[in-house]
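Dear colleague,

I am handing over the structure that we spoke about, and below it you will find a short account of what was found. Please keep it open while you read, so that you can look up each residue as it is named.

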Amino acid sequence: MKNTYSIALLPGDGTGPEVTREAVKVIDAAASKFGFTLDYTPYDFGGERYLKTGETLPDSAIEEFRKHQAIYLGAIGHPDVKPGILECGILLKTRFELDQYINLRPVKLYRQDDCPLKDKTPEDVDFVVIRENTGGIYTGLGGVVQQGTPLEVATQVMLYSRPVVDRCMKYAYEYARRRNRKKMLTLVHKCNVLTHCGDLWVRAHKEMGDRDYPDIRQDYNHVDACTMWLVKQPEWYDVIVTENLFGDIITDLAAIVQGGLGVAAGGNINPEGVSMFECMGGSAPKYTGKNIINPIAAIAAGGMMLDTLGETDAAAAVDRAVTAALNSGKIKSLAAGRMGLGTSEVGDLVASTL
Ligand code: IPM
Ligand code: MN
(Lines give C-alpha, C1' and ligand atoms only; values in the text may rest on other atoms or scores of the structure.)
(Ligands and ions follow the chains in the order given, each with its own letter.)
Protein backbone atom coordinates (compact mmCIF):
# COMPACT_ATOMS: atom_id res chain seq x y z
CA MET A 1 0.00 0.00 0.00
CA LYS A 2 1.09 3.55 -0.73
CA ASN A 3 2.44 5.58 2.14
CA THR A 4 0.54 8.79 2.84
CA TYR A 5 2.09 11.56 4.90
CA SER A 6 0.00 14.19 6.55
CA ILE A 7 1.54 17.65 6.30
CA ALA A 8 0.54 20.89 8.04
CA LEU A 9 0.97 23.55 5.37
CA LEU A 10 1.54 27.15 6.45
CA PRO A 11 2.13 29.32 3.36
CA GLY A 12 2.26 32.44 5.57
CA ASP A 13 2.82 36.00 4.43
CA GLY A 14 4.17 37.95 1.49
CA THR A 15 5.83 35.70 -1.06
CA GLY A 16 5.38 32.69 1.25
CA PRO A 17 2.32 31.37 -0.62
CA GLU A 18 4.06 31.74 -4.02
CA VAL A 19 7.14 29.77 -3.05
CA THR A 20 5.08 27.23 -1.12
CA ARG A 21 3.04 26.55 -4.27
CA GLU A 22 6.23 25.69 -6.18
CA ALA A 23 7.59 23.54 -3.36
CA VAL A 24 4.33 21.58 -3.28
CA LYS A 25 4.44 21.23 -7.07
CA VAL A 26 7.90 19.67 -6.90
CA ILE A 27 7.44 17.41 -3.90
CA ASP A 28 4.12 16.17 -5.28
CA ALA A 29 5.92 15.31 -8.51
CA ALA A 30 8.54 13.45 -6.49
CA ALA A 31 5.80 11.68 -4.51
CA SER A 32 4.05 10.42 -7.62
CA LYS A 33 7.34 9.26 -9.11
CA PHE A 34 8.42 7.43 -5.95
CA GLY A 35 4.99 6.05 -5.06
CA PHE A 36 3.75 7.91 -1.99
CA THR A 37 1.32 10.74 -1.36
CA LEU A 38 1.33 13.93 0.65
CA ASP A 39 -1.89 15.00 2.29
CA TYR A 40 -1.85 18.72 3.14
CA THR A 41 -3.86 20.53 5.77
CA PRO A 42 -3.59 24.28 5.16
CA TYR A 43 -3.35 26.82 7.98
CA ASP A 44 -3.56 30.58 7.49
CA PHE A 45 -1.37 31.69 10.40
CA GLY A 46 0.67 34.81 9.73
CA GLY A 47 0.49 38.58 9.63
CA GLU A 48 -2.85 38.93 7.83
CA ARG A 49 -4.64 36.73 10.30
CA TYR A 50 -2.96 38.44 13.23
CA LEU A 51 -4.06 41.87 12.00
CA LYS A 52 -7.64 40.63 11.61
CA THR A 53 -8.00 38.57 14.77
CA GLY A 54 -5.10 39.41 17.09
CA GLU A 55 -4.18 35.74 17.08
CA THR A 56 -0.70 34.46 16.21
CA LEU A 57 -0.77 30.71 16.86
CA PRO A 58 -3.35 29.31 19.28
CA ASP A 59 -2.44 26.38 21.53
CA SER A 60 -5.04 24.31 19.71
CA ALA A 61 -2.96 24.62 16.52
CA ILE A 62 0.09 23.24 18.30
CA GLU A 63 -2.02 20.25 19.37
CA GLU A 64 -3.12 19.78 15.76
CA PHE A 65 0.48 20.05 14.53
CA ARG A 66 1.39 17.15 16.79
CA LYS A 67 -0.93 14.92 14.77
CA HIS A 68 0.78 15.69 11.48
CA GLN A 69 3.99 14.06 10.34
CA ALA A 70 5.66 17.31 9.35
CA ILE A 71 5.04 21.03 9.04
CA TYR A 72 5.90 23.04 5.97
CA LEU A 73 6.24 26.80 6.42
CA GLY A 74 6.43 29.35 3.59
CA ALA A 75 7.42 32.58 5.29
CA ILE A 76 6.09 34.83 8.01
CA GLY A 77 6.57 38.55 8.46
CA HIS A 78 4.28 41.47 7.67
CA PRO A 79 5.25 45.15 7.23
CA ASP A 80 2.33 46.28 9.42
CA VAL A 81 3.15 44.01 12.34
CA LYS A 82 5.71 45.07 14.92
CA PRO A 83 8.92 43.00 14.67
CA GLY A 84 9.00 40.11 17.13
CA ILE A 85 5.29 39.37 17.37
CA LEU A 86 5.03 36.87 14.54
CA GLU A 87 8.58 35.55 14.99
CA CYS A 88 7.98 34.77 18.66
CA GLY A 89 4.28 33.97 18.37
CA ILE A 90 4.52 31.55 15.48
CA LEU A 91 8.05 30.43 14.63
CA LEU A 92 9.68 30.32 18.06
CA LYS A 93 6.50 29.06 19.72
CA THR A 94 6.38 26.09 17.35
CA ARG A 95 10.09 25.37 17.84
CA PHE A 96 9.72 25.41 21.62
CA GLU A 97 6.35 23.68 21.99
CA LEU A 98 7.23 20.86 19.59
CA ASP A 99 10.76 20.69 21.02
CA GLN A 100 12.38 21.07 17.62
CA TYR A 101 15.79 21.16 19.19
CA ILE A 102 17.84 20.93 16.01
CA ASN A 103 18.10 23.56 13.30
CA LEU A 104 19.54 21.76 10.30
CA ARG A 105 21.10 23.94 7.62
CA PRO A 106 22.78 22.26 4.69
CA VAL A 107 25.08 24.74 2.97
CA LYS A 108 25.60 23.80 -0.62
CA LEU A 109 26.76 25.92 -3.53
CA TYR A 110 24.90 24.70 -6.62
CA ARG A 111 26.82 26.75 -9.19
CA GLN A 112 30.15 28.49 -8.96
CA ASP A 113 28.89 31.83 -10.34
CA ASP A 114 26.51 32.30 -7.42
CA CYS A 115 29.31 32.31 -4.84
CA PRO A 116 30.52 35.75 -3.76
CA LEU A 117 33.90 34.25 -2.86
CA LYS A 118 36.66 34.33 -5.42
CA ASP A 119 37.56 30.96 -6.98
CA LYS A 120 35.34 28.82 -4.75
CA THR A 121 33.58 25.96 -6.48
CA PRO A 122 30.61 23.75 -5.54
CA GLU A 123 33.17 21.26 -4.25
CA ASP A 124 34.49 23.86 -1.81
CA VAL A 125 31.13 24.89 -0.38
CA ASP A 126 29.40 21.77 0.85
CA PHE A 127 28.90 21.48 4.58
CA VAL A 128 26.12 21.30 7.15
CA VAL A 129 25.46 23.47 10.18
CA ILE A 130 23.65 21.88 13.10
CA ARG A 131 22.42 24.67 15.29
CA GLU A 132 20.96 23.95 18.72
CA ASN A 133 17.48 25.39 18.27
CA THR A 134 15.66 25.79 21.57
CA GLY A 135 18.23 26.68 24.23
CA GLY A 136 20.76 29.36 25.00
CA ILE A 137 19.78 33.00 24.94
CA TYR A 138 16.63 32.11 23.02
CA THR A 139 15.05 30.65 26.16
CA GLY A 140 14.53 34.27 27.20
CA LEU A 141 15.54 33.75 30.81
CA GLY A 142 16.27 37.10 32.37
CA GLY A 143 14.37 40.30 32.75
CA VAL A 144 14.32 44.01 32.90
CA VAL A 145 13.92 46.36 35.83
CA GLN A 146 13.54 50.11 36.10
CA GLN A 147 12.63 50.13 32.45
CA GLY A 148 12.70 53.55 30.86
CA THR A 149 14.66 55.10 33.71
CA PRO A 150 18.31 56.13 33.46
CA LEU A 151 19.19 53.09 35.59
CA GLU A 152 17.43 50.49 33.47
CA VAL A 153 18.88 46.98 33.80
CA ALA A 154 18.27 44.12 31.37
CA THR A 155 19.56 40.55 31.33
CA GLN A 156 19.12 37.67 28.94
CA VAL A 157 20.85 34.52 30.01
CA MET A 158 22.64 31.93 27.89
CA LEU A 159 21.06 28.85 29.45
CA TYR A 160 22.24 25.31 28.72
CA SER A 161 21.86 22.04 30.56
CA ARG A 162 24.06 19.03 29.91
CA PRO A 163 21.20 16.91 28.52
CA VAL A 164 20.20 19.65 26.10
CA VAL A 165 23.79 19.94 24.87
CA ASP A 166 24.19 16.16 24.74
CA ARG A 167 21.11 15.49 22.64
CA CYS A 168 22.22 18.08 20.11
CA MET A 169 25.75 16.69 20.12
CA LYS A 170 24.47 13.17 19.57
CA TYR A 171 22.43 14.28 16.58
CA ALA A 172 25.49 16.04 15.17
CA TYR A 173 27.83 13.08 15.61
CA GLU A 174 25.27 10.71 14.09
CA TYR A 175 24.82 13.13 11.21
CA ALA A 176 28.57 13.33 10.54
CA ARG A 177 28.77 9.55 10.55
CA ARG A 178 25.78 9.11 8.24
CA ARG A 179 27.00 11.82 5.89
CA ASN A 180 30.23 9.88 5.59
CA ARG A 181 32.34 12.62 3.98
CA LYS A 182 35.25 14.02 5.96
CA LYS A 183 33.80 12.52 9.13
CA MET A 184 34.67 15.64 11.07
CA LEU A 185 32.57 17.49 13.60
CA THR A 186 33.60 21.09 14.24
CA LEU A 187 32.29 22.58 17.47
CA VAL A 188 31.85 26.34 17.18
CA HIS A 189 31.70 28.28 20.44
CA LYS A 190 33.56 30.98 22.34
CA CYS A 191 35.09 29.01 25.18
CA ASN A 192 37.87 31.54 25.71
CA VAL A 193 35.33 34.02 27.05
CA LEU A 194 32.14 32.05 27.75
CA THR A 195 34.00 29.92 30.23
CA HIS A 196 30.88 28.32 31.74
CA CYS A 197 28.70 27.56 28.74
CA GLY A 198 31.65 27.12 26.41
CA ASP A 199 33.29 24.63 28.72
CA LEU A 200 30.06 22.64 28.96
CA TRP A 201 29.91 22.35 25.16
CA VAL A 202 33.62 21.55 24.84
CA ARG A 203 33.41 18.69 27.35
CA ALA A 204 30.19 17.34 25.84
CA HIS A 205 31.86 17.34 22.39
CA LYS A 206 35.02 15.64 23.59
CA GLU A 207 33.52 13.12 25.98
CA MET A 208 30.84 11.89 23.59
CA GLY A 209 33.29 11.83 20.69
CA ASP A 210 35.94 9.89 22.63
CA ARG A 211 33.39 7.44 23.98
CA ASP A 212 30.98 6.78 21.11
CA TYR A 213 32.40 8.23 17.89
CA PRO A 214 36.10 7.37 17.58
CA ASP A 215 35.58 7.37 13.79
CA ILE A 216 34.67 11.09 13.78
CA ARG A 217 37.46 13.67 13.94
CA GLN A 218 36.94 16.37 16.57
CA ASP A 219 37.58 19.95 15.54
CA TYR A 220 36.97 23.27 17.30
CA ASN A 221 36.64 26.94 16.21
CA HIS A 222 35.89 30.03 18.21
CA VAL A 223 32.86 31.63 16.60
CA ASP A 224 34.68 34.82 15.60
CA ALA A 225 37.40 32.82 13.89
CA CYS A 226 34.75 30.64 12.26
CA THR A 227 33.29 33.67 10.47
CA MET A 228 36.71 34.29 8.91
CA TRP A 229 37.29 30.67 7.94
CA LEU A 230 33.83 30.33 6.42
CA VAL A 231 34.84 33.04 3.98
CA LYS A 232 38.48 32.15 3.49
CA GLN A 233 38.33 28.38 3.51
CA PRO A 234 34.78 26.98 3.48
CA GLU A 235 36.18 23.72 2.13
CA TRP A 236 37.56 22.99 5.58
CA TYR A 237 34.14 22.20 6.99
CA ASP A 238 32.10 19.04 6.99
CA VAL A 239 29.61 19.24 9.88
CA ILE A 240 29.48 22.16 12.30
CA VAL A 241 27.66 21.97 15.62
CA THR A 242 26.98 25.10 17.62
CA GLU A 243 24.74 26.78 20.16
CA ASN A 244 21.62 28.70 19.19
CA LEU A 245 22.65 32.35 18.75
CA PHE A 246 26.04 31.60 17.21
CA GLY A 247 24.24 29.25 14.86
CA ASP A 248 21.73 31.92 13.92
CA ILE A 249 24.56 34.24 12.92
CA ILE A 250 26.85 31.84 11.09
CA THR A 251 24.00 30.27 9.11
CA ASP A 252 23.19 33.66 7.58
CA LEU A 253 26.84 34.09 6.66
CA ALA A 254 26.76 30.58 5.24
CA ALA A 255 23.62 31.41 3.25
CA ILE A 256 25.36 34.16 1.36
CA VAL A 257 28.36 31.91 0.72
CA GLN A 258 26.04 29.37 -0.93
CA GLY A 259 24.43 32.02 -3.13
CA GLY A 260 21.97 33.79 -0.87
CA LEU A 261 18.50 33.43 0.54
CA GLY A 262 17.14 32.26 -2.80
CA VAL A 263 18.67 28.84 -2.18
CA ALA A 264 19.06 28.55 1.60
CA ALA A 265 16.75 25.99 3.21
CA GLY A 266 16.47 24.66 6.72
CA GLY A 267 14.67 22.30 9.01
CA ASN A 268 13.57 22.68 12.61
CA ILE A 269 13.92 19.10 13.67
CA ASN A 270 12.62 17.08 16.54
CA PRO A 271 14.25 13.73 15.79
CA GLU A 272 11.62 12.00 17.93
CA GLY A 273 8.67 14.17 16.94
CA VAL A 274 7.24 16.59 14.41
CA SER A 275 9.65 18.73 12.40
CA MET A 276 9.10 21.97 10.48
CA PHE A 277 10.77 22.95 7.22
CA GLU A 278 11.24 26.43 5.81
CA CYS A 279 13.24 28.52 3.40
CA MET A 280 15.50 31.00 5.15
CA GLY A 281 14.41 34.04 3.17
CA GLY A 282 11.67 36.12 4.72
CA SER A 283 8.28 37.08 3.34
CA ALA A 284 9.83 39.69 0.98
CA PRO A 285 6.70 41.90 0.94
CA LYS A 286 7.89 44.10 -1.90
CA TYR A 287 8.03 41.14 -4.30
CA THR A 288 4.63 39.75 -3.34
CA GLY A 289 2.40 38.61 -6.18
CA LYS A 290 4.89 39.49 -8.90
CA ASN A 291 6.00 35.96 -9.74
CA ILE A 292 9.65 37.02 -9.44
CA ILE A 293 10.78 35.51 -6.14
CA ASN A 294 13.14 32.55 -6.27
CA PRO A 295 11.38 29.34 -5.10
CA ILE A 296 14.52 27.17 -5.01
CA ALA A 297 15.05 27.51 -1.26
CA ALA A 298 11.43 26.55 -0.63
CA ILE A 299 11.77 23.58 -2.96
CA ALA A 300 14.97 22.49 -1.23
CA ALA A 301 13.18 22.74 2.13
CA GLY A 302 10.53 20.45 0.69
CA GLY A 303 13.27 18.00 -0.26
CA MET A 304 14.61 18.10 3.29
CA MET A 305 11.11 17.33 4.54
CA LEU A 306 10.93 14.24 2.33
CA ASP A 307 14.29 13.11 3.66
CA THR A 308 13.11 13.43 7.26
CA LEU A 309 9.91 11.54 6.44
CA GLY A 310 12.12 8.66 5.34
CA GLU A 311 11.62 9.16 1.59
CA THR A 312 15.36 9.44 1.06
CA ASP A 313 15.34 8.48 -2.64
CA ALA A 314 12.72 11.10 -3.43
CA ALA A 315 14.68 13.67 -1.41
CA ALA A 316 17.88 12.87 -3.31
CA ALA A 317 15.95 13.19 -6.59
CA VAL A 318 14.68 16.65 -5.59
CA ASP A 319 18.23 17.69 -4.77
CA ARG A 320 19.49 16.41 -8.13
CA ALA A 321 16.65 18.16 -9.95
CA VAL A 322 17.42 21.45 -8.21
CA THR A 323 21.10 21.10 -9.13
CA ALA A 324 20.27 20.22 -12.73
CA ALA A 325 17.73 23.06 -13.12
CA LEU A 326 20.22 25.57 -11.75
CA ASN A 327 22.88 24.30 -14.12
CA SER A 328 20.60 24.15 -17.17
CA GLY A 329 21.51 27.68 -18.18
CA LYS A 330 17.87 28.72 -17.97
CA ILE A 331 18.04 30.43 -14.58
CA LYS A 332 20.18 33.52 -15.04
CA SER A 333 20.54 34.62 -11.43
CA LEU A 334 19.31 33.58 -8.00
CA ALA A 335 18.09 37.07 -7.19
CA ALA A 336 14.40 37.98 -7.24
CA GLY A 337 13.49 39.66 -10.51
CA ARG A 338 16.70 38.65 -12.23
CA MET A 339 16.18 34.94 -12.68
CA GLY A 340 15.13 35.29 -16.32
CA LEU A 341 12.19 33.03 -15.44
CA GLY A 342 9.17 33.54 -13.23
CA THR A 343 8.67 31.87 -9.86
CA SER A 344 6.23 29.35 -11.32
CA GLU A 345 8.46 28.64 -14.36
CA VAL A 346 11.34 27.77 -12.05
CA GLY A 347 9.02 25.40 -10.19
CA ASP A 348 7.92 23.86 -13.50
CA LEU A 349 11.52 23.47 -14.58
CA VAL A 350 12.54 21.64 -11.40
CA ALA A 351 9.42 19.47 -11.45
CA SER A 352 9.96 18.48 -15.08
CA THR A 353 13.64 17.76 -14.44
CA LEU A 354 12.60 15.22 -11.82
C1 IPM B 1 16.11 32.06 11.85
C2 IPM B 1 15.49 33.39 12.16
C3 IPM B 1 14.80 33.33 13.51
C4 IPM B 1 15.85 33.02 14.56
C5 IPM B 1 14.00 34.57 13.89
C6 IPM B 1 13.04 34.99 12.80
C7 IPM B 1 13.28 34.39 15.20
O8 IPM B 1 16.43 34.40 12.10
O9 IPM B 1 15.36 31.07 11.71
O10 IPM B 1 17.34 31.97 11.74
O11 IPM B 1 16.49 33.94 15.09
O12 IPM B 1 16.05 31.86 14.85
MN1 MN C 1 18.39 33.75 11.57
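In this predicted model, the shell around ligand 1 is made up of Glu-87, Leu-91, Leu-92, Arg-95, Arg-131, Tyr-138 and Asp-248. Helix α4, which covers residues 85–97, supplies the largest share of that shell, with 4 residues. Sorted by class, the shell holds 3 nonpolar and 4 charged residues, and no polar ones.

Three of these residues place a polar side-chain atom close to an oxygen atom of ligand 1: for Tyr-138 the distance is 2.6 Å, for Arg-95 it is 2.7 Å, and for Asp-248 it is 2.9 Å. Ligand 1 would expose 320 Å² if it were taken alone, and the protein buries 74% of that area. As for where the ligand is found, ligand 1 sits in the second largest pocket.

A separate topic is the aromatic rings, for which a search of the whole structure finds 7 pairs. One of them joins Tyr-171 and Tyr-175, whose ring centres lie 6.2 Å apart and whose planes meet at 35°, so this pair counts as tilted; the reasoning rests on the cut-offs, since planes under 30 degrees apart would count as stacked and those over 60 as edge-to-face. Both Tyr-171 and Tyr-175 belong to helix α5 (residues 162–179), where they are 4 residues apart, or about one turn of the helix.

With best wishes

Terms used: Residues are numbered from 1 along each chain as its sequence is written. Chains are lettered from A and ligands numbered from 1 in the order in which they are written. This is a predicted model: local features need pLDDT of at least 70, side-chain atom pairs count only at pLDDT 80 or more; totals for chains, interfaces and linings use all residues. Side-chain values use heavy atoms; hydrogens and water are left out. A residue is near a molecule or strand if one of its heavy atoms lies within 4 Å of it. A polar contact is a pair of N or O atoms within 3.5 Å; within protein, one must be able to donate a hydrogen and the other to accept it, and residues adjacent in sequence count only if both atoms are side-chain atoms. Accessible areas come from the Shrake-Rupley method with a 1.4 Å probe; for residues, only the protein chains shown count as cover. On a 1 Å grid over the protein atoms alone, a cavity is a set of points where a 1.4 Å probe fits but cannot get out, and a pocket is an open set with protein on both sides within 12 Å along at least five of seven lines; lining residues have an atom within 4 Å of a point. A molecule sits in a cavity or pocket if more than half of its atoms lie within 2 Å of its grid points. Helices (H or I, at least four residues) and strands (E, at least two) are DSSP runs, numbered from the N terminus. Ala, Val, Leu, Ile, Met, Phe, Trp, Tyr, Cys and Pro count as nonpolar, Asp, Glu, Lys and Arg as charged, and the others, Gly among them, as polar. Rings of Phe, Tyr and Trp (its six-membered ring) pair if their centres lie within 6.5 Å; planes under 30 degrees apart count as stacked, over 60 as edge-to-face and the rest as tilted.
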